[in-house]
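Good morning, and thank you for coming. Please look at the sequence and the structure on the screen as I begin.

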Amino acid sequence: MANPFYYGDNHAMVAKKKAPRSPSRRTGRAPGRIGVARSLVAPRRILVLDVGGSHVKLRVGDRGSLKKFVTGPKMSADEMTKAVRKLVGPADYDAVSIGYPGMVVRGRIAAEPFNLGKGWLGFDFEKALEKPVRIINDAAMQAVGSYAGGRMLFLGLGTGMGATLILDGVVEPMEFGHLPYKNGRTYEQHVGERGLERLGKKKWRKEVESVVAQLSHALEVDYTVLGGGNARLLKKLPKGARAGANSNAMTGGRLIWEATGSPLVLSAKYRDRDAAKES
């Protein structure tokens, strides 16, 4: 297994203050920071948390049982971690991956979520969960687990609309969901949960087909993967699309501990899984 990439302090968008003078500043040696690989042994038991607008799903390792609990529009990061601790404890895992439903920049939460409560920005997840933590956008985590090589667009159809591009192994989370789409509404308001409720299944399916066609053409991808809880409501897949699986988020949470770089670059063995299947 490849050495993991060191993200720095994932838990904090800390208050701005002047950093104390460190030995690295005196000696000129570069401190540990984003973009620097560390010769650490990759953790074996990874607790993966897939945080959604309606549920948190979690699993320890590849063979652990899948557990979940309800979230909702008022759940804070503190409440979430306390609920996790009721199901698993620090003795059960060596490290944690969190798929967060919002903007994450260089392994740090950069904005409060749209579909959950407040208190996520700056929260100390490593202290609360007592182990090293890596944070990635939830759509990006599922995209990593879904990737089969080449140029892929992942769209998560759930409470909102998550999106991630993976271009020849380079992972680039996107925020398409909140961009204007049509009729004064965003992409998310058309193909997310609210769009489904407003339009009904038949019209919603047509909107999904239209969004996939538009984005896949504009971004020149080889294929689009549709994940998220509402993808199962599609009677047929749009042209050029593949069905994802929510379980891929658990796989992605494990694989990000093998990724390197900023943005993340997947290990070469995950960059052409379609070719590997055919050979």
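How many of the five residues of strand β7 (residues 133-137) are buried? Five of the five are buried, so β7 is largely enclosed by the rest of the structure. Buried means under 20% relative accessible area, with a 1.4 Å probe and protein chains only. Strands here are DSSP E runs of at least two residues, and helices are H or I runs of at least four, numbered from the N terminus.

What I show is a predicted model, in which local features need pLDDT of at least 70, side-chain atom pairs count only at pLDDT 80 or more, and totals for chains, interfaces and linings use all residues. Residues are numbered from 1 along each chain as its sequence is written, and side-chain values use heavy atoms, with hydrogens and water left out.

In a regular strand the side chains alternate between the two faces of the sheet. In β7, Val133, Ile135 and Asn137 lie on one side and Arg134 and Ile136 on the other, and both faces are covered. Strand β4 (residues 95-100) runs parallel to β7, joined by five bridges; pairing requires at least two DSSP bridges. Ser97 has Arg134 in β7 as its bridge partner.

Finally, confidence. The predictor's confidence in each residue, pLDDT, runs from 0 to 100. The protein averages 84, and 82% of the residues score at least 70. Over residues 1-40 the pLDDT is below 50.

Terms used:
Contact means heavy atoms within 4.5 Å. Buried means under 20% relative accessible area, exposed over 50%, partly exposed in between (1.4 Å probe, protein chains only).
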